[in-house]
Amino acid sequence: MSSGSAAATTTASSVSPPASASGAAPRERLPGVFRLWLAGALVSMLGTSVMWFALGWSASAHGGLAAGLVLTAVNLPRFALLLVGGAVGDRVGAWRVMVAGDVAMVVVSLGLAAAAWRFGAPLWLLLVAGLLIGVVDAFYLPASGSMPRRLVGEAVLSRAIALRQTGVQLTMFAGGALGGVLMARAGLSGVALLQVGTFSLMLVVLVGIRGRFAGERPAPSGGSVARDIGDGLRLAWRTRLLRVSLAVTAVAAGCLLPVVSLLVPLLARERGWSAELAGVVVGSQALGIVAVSLAVLWRGGAGLPGVAAAVGLLLAGGSMAVLAVAPVPGVVVAAALGVGAGNGLFGAHVAPLLLTAAPPSHLSRVQAIVTMVQSGALLAMIPLLGAAAEHIPVAAVLGGCALVVAGTAACALASEPFRTVRRPGAAG
């Protein structure tokens, strides 16, 4: 099951108690229940990453159109049902939704393993598997995205987000490599059995932390799911901090996230870079994210998380501009590091903002909106950027994205609620 993304969510950042006389802030440990949940979530995400690779690899054997259909089969139901999944999560409780989702994925994975062992990897099987995974994701992702807020205090929320962000990056790296090995040695059936194991482990973890949710009650609801969805959308629109944070997140998802997945490969081909250099550029961007995430994990979030998020966008936008015109490989790699560092700084601070700006009764719904905004921006911008690169130099497309990202950062700083919000525990 995918985790969220990119990007991510957020209002106040995490942090620690007031600074000591020496100026150093003592670091509060992240709760054990959160670390246990995160360990299970990352193992589960590893299984999902391997399965994602396996589905794409298996579909590619049927041609490019088939591969696109399989990926769409996952993304379309996920996007269409996210708001429903968020409303259900707030109605029945995030813990119950995740337990049901893990049970469903164990069943789906067992069925896929059996079918793949019997039939191989026909297109119809890949499409059915993709659809089922997308449906479960639509309910699971909003509940899972709300867990940091449910399991840690606001004072350490940004550190919790940073730890999760680091784990996600490392898991994505490992997932591709492990997927290749398993597909070569065990095939789609073996990958599906691995996923049975990872989701079973996550289920055990959820049962183990059940006591943490014993006293919680789902949000009361006197109407239909449609009414709950509308209530969540109204909250996101009327809460200015949420509205600005969501708008900034949408721009980051649409103009910043495609840099590595789409624009760097196109730029590499346009300039005749080697595959090795392109790989180093992609890896450098991820290294930048991990480095900043570890710094936030160690030091805590900024006192003004909105300002830190905007600075992250400015750094990313400036680095994208350098990447577009970089003359030598060394500058290219340094610019990619800057893009990653800016992305990491933005994500580590905007995610806590989105989480703390939402009331407890609406956590899953707001997370559903965040995920939908990110997914929608990606779905719209990737084809648009790809088409633009067919007619104008890729460097110009990258430069245009850099201007939009930097301009969005300036607009965010002009928003008083976004600029002045403080993390809990920060000095006034």
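**Questions on a predicted model**

Colleague: How far does helix α11 (residues 275-299) reach from its first C-alpha to its last?

Modeller: Helices (H or I, at least four residues) and strands (E, at least two) are DSSP runs, numbered from the N terminus. The expected span of a helix is 1.5 Å times one less than its number of residues. Helix α11 has 25 residues, with 36 Å expected. Its reach in the model is close to that, at 36 Å.

Colleague: From what number are residues counted along each chain?

Modeller: This is a predicted model, in which local features need pLDDT of at least 70, side-chain atom pairs count only at pLDDT 80 or more, and totals for chains, interfaces and linings use all residues. Side-chain values use heavy atoms, without hydrogens and water, and the residues of each chain are numbered, as its sequence is written, from 1.

Colleague: On which residue is the kink in α4 centred?

Modeller: The 23 residues of α4 should span 33 Å, and its end C-alpha atoms are 31 Å apart, which agrees. The bend at a residue is the angle between axes fitted to the seven residues ending there and the seven starting there. In α4 there is a kink of about 35 degrees, centred on aspartate 137.

Colleague: Is threonine 166 buried or exposed?

Modeller: Buried means under 20% relative accessible area, exposed over 50%, and partly exposed in between (1.4 Å probe, protein chains only). Threonine 166 sits in helix α6 (residues 157-185). Apart from neighbours within four places in sequence, threonine 166 is in contact (heavy atoms within 4.5 Å) with Val290, Ser293 and Leu294. Its relative accessible area is 7%, so threonine 166 counts as buried.

Colleague: How many residues apart in sequence are the parts tied together by arginine 365 and aspartate 90?

Modeller: A salt bridge is a side-chain nitrogen of Lys or Arg within 4 Å of a carboxyl oxygen of Asp or Glu. The side chains of arginine 365 and aspartate 90 form one at 2.7 Å, N to O. Arginine 365 lies in helix α14 (residues 363-391) and aspartate 90 in helix α2, so the parts tied together are apart in sequence by 275 residues.

Colleague: Which residues do salt bridges with shared partners join into one network?

Modeller: Arginine 365 also meets aspartate 231 in a salt bridge (3.5 Å, N to O). That pair links helix α14 with helix α8 (residues 225-238), 134 residues apart. Through shared partners, the network consists of Asp90, Arg150, Asp231 and Arg365.
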